[in-house]
Amino acid sequence: MHGSPRSGEVPRATLALKSSFTIGLPAWRGSTQSRAVWAGNSKGVCDTKNVHAADFWLSGLFRVLRALLISLSESHFLRTLAEESSLGRRVSTRFVAGTEIEDVLRATELINQKGATVSIDNLGENVSQAEQARASAQIYHSLLDTLSSRGLQANISLKLTHMGLDVDEALAYQLVSGLVAKAATLKNFVRVDMEGSAYTQRTLDFVRQMHRVPGHQGAVGTVIQSYLYRSENDVKNLVAAGIRIRLCKGAYKEPPEIAFQRKADVDANYVQLMKILLTSGIFHGLATHDERIINQAKRFATQQKIGPESFEFQMLHGIRRDLQQRLVHQGWRMRVYIPFGTEWYPYFMRRLAERPANVFFMLRNLLRA
Ligand SMILES: Cc1cc2nc3c(=O)[nH]c(=O)nc-3n(C[C@H](O)[C@H](O)[C@H](O)COP(=O)(O)OP(=O)(O)OC[C@H]3O[C@@H](n4cnc5c(N)ncnc54)[C@H](O)[C@@H]3O)c2cc1C
């Protein structure tokens, strides 16, 4: 969605780290040939045993790296250190639009000019003081006003723990409710992001309660993660209540008792849930950069005669810009999630964890700088 479609992205041709390792699982997307190169002997002859050993070794390495990155994303010490350093801020621009409201508004305008809509996230989560929550809500109020006055095509995404859920649930409800009421008046929309599983039920209860308030219908929705076993039930319940859903795979580390661990299972569940959403008659968002799943969704929609105006694809700022643009050109709806703000560290670390190869490219770029 930007001038140079793939600038700033990890070069996909890079062989060794091409594995798009997600959800803590081996996810070789490389061809048999590329796998053979990895394990090829000095004569260039493929050795299948070595291929499997290399796969096994690498997937193990990425699994450990992913777990490490997610646990580092929760470190308060590293968060403070990173967010206060100029080097950290420079690195964060890989996934974050900037620190100021004007930065994200500029990015939104550019994306709109390219034919896509936006969801703006004022970064921050797990606040420990009511004042922080109030300040964040105030930023969202200003955003909603400015989006409306400048005619920008964007809604807002927020996290309940940023609105003070851990501090005072009643306050969080009051703050989010105020934002949903304003969004409803401005014919805009508030998306409540989904956080780790400790918050799943509370988030769903919260959104359902908010959606029941007269005038709020259609102005608030939430997110479902396909890695959770419970998601099929949650999707059915939300759809029955007419609530808009963003479907994603899930960005946190969840245990096998509650979540699929194999990428193939997470993906299969995504496709199954996607079909429920597309046939529900409600406008939902399919949030993924997974081209295979996106192609399945396009095929399914076409077969079922579900028009492109009935749902949207969603992707993150700075990831697969080429694909974002291609979908727009093909006539599909595309929404780009753009985060901004000073509290970028946990968000940034989760993006690294989704694709540990990003760590190596980030380090390489830092060394070059
Ligand atoms: C709009 C949007 C909103 C989201 N909201 C939430 C939320 O509220 N709660 C939540 O838990 N999760 C959320 N996520 C994150 C999501 O759960 C996944 O962690 C993330 O999207 C990666 O999964 P994927 O579907 O792209 O598939 P994957 O199989 O992980 O990736 C498919 C391909 O996408 C590209 N890719 C994916 N991630 C990256 C990356 N970080 N860097 C570079 N390339 C990458 C690679 O080419 C990869 O091969 C959101 C994602 C999007 C797009």
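How many strands make up the closed barrel, and in what order do they run? There are 8, going 1-2-3-4-5-6-7-8 with parallel pairing. Bear in mind while you click around that this is a predicted model. Direction ignored, neighbouring strands in the sheet are turned by 30 degrees against each other on average.

Start with the strands. Select residues 117-122 for strand 1 and residues 154-158 for strand 2: the two run parallel and are joined by 4 bridges. To see one of these pairings, pick I120, whose bridge partner in strand 2 is I156.

Then select residues 321-329, which is helix 12. Helix 12 also packs on the sheet, but its contacts are with strand 7 (311-316) and strand 8 (334-340), and its direction is at about 145 degrees to that of strand 8.

Last stop: a helix pair. Select residues 231-240 for helix 9 and residues 263-278 for helix 10; their axes come within 11 Å and cross at roughly 10 degrees. Angles under 35 degrees count as roughly parallel, so helix 9 and helix 10 are roughly parallel to each other. Show side chains for the contact: S231, E232, V235 and V239 on helix 9, and N269, L273, I276 and L277 on helix 10. Colour that contact by class and you get 5 nonpolar, 2 polar and 1 charged residues.

Technical notes: Residues numbered from 1 in each chain as written. Predicted model: local features only at pLDDT ≥ 70, side-chain atom pairs only at ≥ 80, totals over all residues. Axes fitted to C-alpha atoms, helices over the stretch in contact; angles between N-to-C directions. Parallel < 35°, antiparallel > 145°, perpendicular 65-115°, else oblique. Contact = placed C-beta atoms within 7 Å. Nonpolar A, V, L, I, M, F, W, Y, C, P; charged D, E, K, R; others polar. Pairing = 2+ DSSP bridges.
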